[in-house]
Amino acid sequence: MTTGLADAMTSHEVTYLEAISQALDEEMSRDERVFLMGEDIGAYGGAFKITEGFLQKYGDHRVLDTPLAESGIVGAAIGAAMMGLRPVVEMQFADFISCAFDQIIEVAAKNHYRWNAPVPMVIRAPFGGGVHGGPFHSECPEGWFFHSPGLKLVAPSTPYDAKGLLKAAIRDPNPVIYFEHKFLYRRIKAVLPTEDYIVPIGKAEVKRTGGTISVITYGAMVHLALEAATVLEKENIQLEVVDLRTLIPLDKETIYESVRKTSKAIMLHEDNKTGGIGAEIAALLAEDCFDSLDGPVLRVAAPDTPVPFSTPMEEFFLPKASDIVAAARMLAAY
Amino acid sequence: MDLSVVAKDITRTDLLHLYYYLQLTRTLENRITALYRQGRIVGGVYTSHGMEAIAVGYAFALQSQDVIAPYHRDMGAFLIRGITPGEVIAQYLGKRTGPTKGKDGNVHIGDLKRGVIGFVSHLADNLPVATGAALAFHIRGEPHVVVTNTGDGGTSRGDFHEAMNFAAVRKLPVVFFCNNNQYAYSTPVRNQMAVANVADRATGYGMPAEIVDGNDVAAVYLAARRAIQKARSGGGPTFLECKTMRMHGHSEHDPAKYVPQALLDEWKKKDPIVKAEAMLKTLGYADEAYFHDIEERVKKEVDAGVEWAEQSPLPDGRETLDGVFATEAEVAS
């Protein structure tokens with residue numbers, strides 16, 4: 001199989017997955033403080049093969065296969081980060097991050113606030129459904145961390161953003177959870193710049209401009225929104241797709257600018273509906289953009305259930321382009 | 001502890017320093033308790049009363065670039081690492097001059113410049129963190145050691161297991177202390193674990209362990225020194241169970257009526273300061289007049305600390321909003 005490692009510095013198309021590998025490889029080459037920890041990331045190259053070849057290239061002092069113990073791994077990364085290293089931890093699946101919740105929330109997130117000790121580390125969390133993973137290999141756990149001050153959260157939707165945001169996360173002086181969407185790993189490709197670049201944390205991007213309705217989303221849902229936009233274009237409903245890219249700190253300016261232009265907003269996420277990021281953005285729009293709104297702020301999100309396994313159930317669970325189309329038609333009528 | 005071994009392995013100067021830190025710890029914590037009873041300190045007060053020898057013993061065995069990840073009964077370790085009595089009181093009073101500038105209270109003291117990793121209330125959380133600090137030394141090939149500590153109760157947590165296991169697998173330069181003071185809040189050790197000694201837990205990780213008299217500062221110091229030297233020279237981690245007794249409540253609000261009086265009476269005779277004084281007298285290193293001088297000296301130091309802390313400013317309420325995130329400049333070096 002082809003990995004990002006082999007493809008670094010070439011100019012042909014790379015997948016989202018290869019973009020992540022390239023970012024890790026380039027940052028490890030650039031900065032000897034960067035090292036990797038995780039389950040099965042060494043000889044096996046990781047459950048998704050993102051670190052294939054890294055053990056041979058960087059050795060077992062910088063590519064550490066760990067015991068199966070997420071709390072211990074994250075705790076150790078925190079300690080190493082405080083001593084001046086730049087650990088990048090791989091959660092085999094984002095779902096397993098619940099085992100490390102305490103270390104992330106109580107230690108990593110509060111450390112600098114409490115006693116001024118920076119914790120520059122990255123936790124890579126392969127998240128999201130559509131891959132027949134069932135309740136423990138499909139979760140979108142970003143909402144848990146969205147409510148916890150001290151963490152930065154990013155969730156790229158394209159190979160360009162995947163690479164640039166991971167590099168920015170590794171260089172950031174704070175703990176960053178990097179939500180990489182498993183559904184996108186091998187499904188999208190792009191030609192990336194050959195020179196070093198980052199995508200700054202805290203900057204959303206309008207992935208499609210349109211004047212009728214703002215769809216505010218992130219991760220794999222960006223592509224769903226773009227698909228819905230193509231359908232709605234024929235009906236003269238122009239969606240503007242705002243890709244948050246960073247969830248914390250939220251780029252309110254870009255969100256507000258879009259909504260003040262379109263006067264209508266749909267929040268779209270794959271995470272459960274209740275208490276999700278869409279709810280927070282809806283509240284922000286009510287507080288700060290009320291005068292600009294010409295209709296209710298809508299949410300298209302997964303129902304409040306675990307992610308089911310069986311194909312018809314998972315298809316029912318995941319937001320679909322048709323859900324966005326229906327919501328947009330309803331909202332456009334206001 | 002065999003005094004001929006003490007005489008051979010520890011210098012008189014070091015023993016007198018150990019004694020000084022025992023007294024400074026006791027006097028400072030007694031003052032904190034008094035301030036709490038007067039209502040001048042709000043929030044929890046956690047002391048190492050009767051257990052001072054553990055933190056004093058292990059911290060004294062460390063070198064300047066080593067790191068500690070202490071728990072809440074390790075006052076002596078803070079003092080040895082250079083946190084002053086004034087800073088400790090300022091922390092308890094929520095003053096801006098405390099190590100956390102009012103953001104956190106009591107013994108949640110951290111300062112990387114002095115090699116102190118801040119304590120987290122969730123017991124055993126600092127054990128994986130200590131393991132990670134040791135991992136950084138291991139990766140960089142630096143000859144530094146990390147010492148961490150937790151109570152008997154803390155060893156029931158998964159983080160204890162995960163840290164011990166990881167440290168043993170990677171042979172990391174970390175020494176795990178356990179202050180077995182027989183009670184985790186109100187829960188006696190027999191309801192905490194089915195093994196006879198906490199040290200028995202280490203076997204499951206393939207980690208060498210020792211049981212130490214936690215009220216004998218010379219014994220703790222020598223055991224710490226051996227384990228630290230072993231870790232420094234690449235020999236991997238060690239687990240040291242220090243047997244002791246918590247002579248006060250979990251926190252100063254807790255009268256600890258669940259602890260049998262006979263047990264406290266028995267352990268009062270083994271008080272670490274009384275023990276240290278007997279040892280120093282038998283070795284001919286010090287006499288009552290010396291002990292009295294040290295008591296006066298540490299009282300003055302604590303008085304000065306209280307005065308400085310009380311005169312220090314409180315933070316402004318708006319400082320609540322500062323410091324959630326670190327800046328680039330802080331990690332630039």
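Two strands are taken as paired if DSSP finds at least two bridges between them; strands (E, at least two residues) and helices (H or I, at least four) are DSSP runs, numbered from the N terminus. The structure is a predicted model, in which local features need pLDDT of at least 70 and side-chain atom pairs count only at pLDDT 80 or more, while totals for chains, interfaces and linings use all residues. Residues are numbered from 1 along each chain as its sequence is written, and chains are lettered from A and ligands numbered from 1 in the order in which they are written.

In chain A, an open sheet of mixed pairing is formed by five strands in the order 9-11-10-13-14. Strand 9 (205-208) and strand 14 (298-302) of chain A each have a single partner strand and stand at the edges, so one side of each lacks a neighbour in the sheet. On average, neighbouring strands of this sheet are turned by 25° against each other, direction ignored; axes are lines fitted to C-alpha atoms, for helices over the stretch in contact, and angles run from 0 to 180 degrees between N-to-C directions.

Five bridges join strand 13 (residues 265-272) of chain A to strand 14 of chain A in the parallel sense. Opposite A:M267 stands A:R299, in strand 14 of chain A. Helix 8 (residues 221-233) of chain A packs on the sheet and touches strands 9, 10 (213-217), 11 (239-243) and 13 of chain A, contact between two residues meaning that their C-beta atoms, placed from the backbone, lie within 7 Å. The direction of helix 8 makes about 170° with that of strand 11 of chain A.

Chain B contains 12 helices and seven strands. Its C-alpha trace spans about 50 × 50 × 40 Å along the principal axes of chain B.
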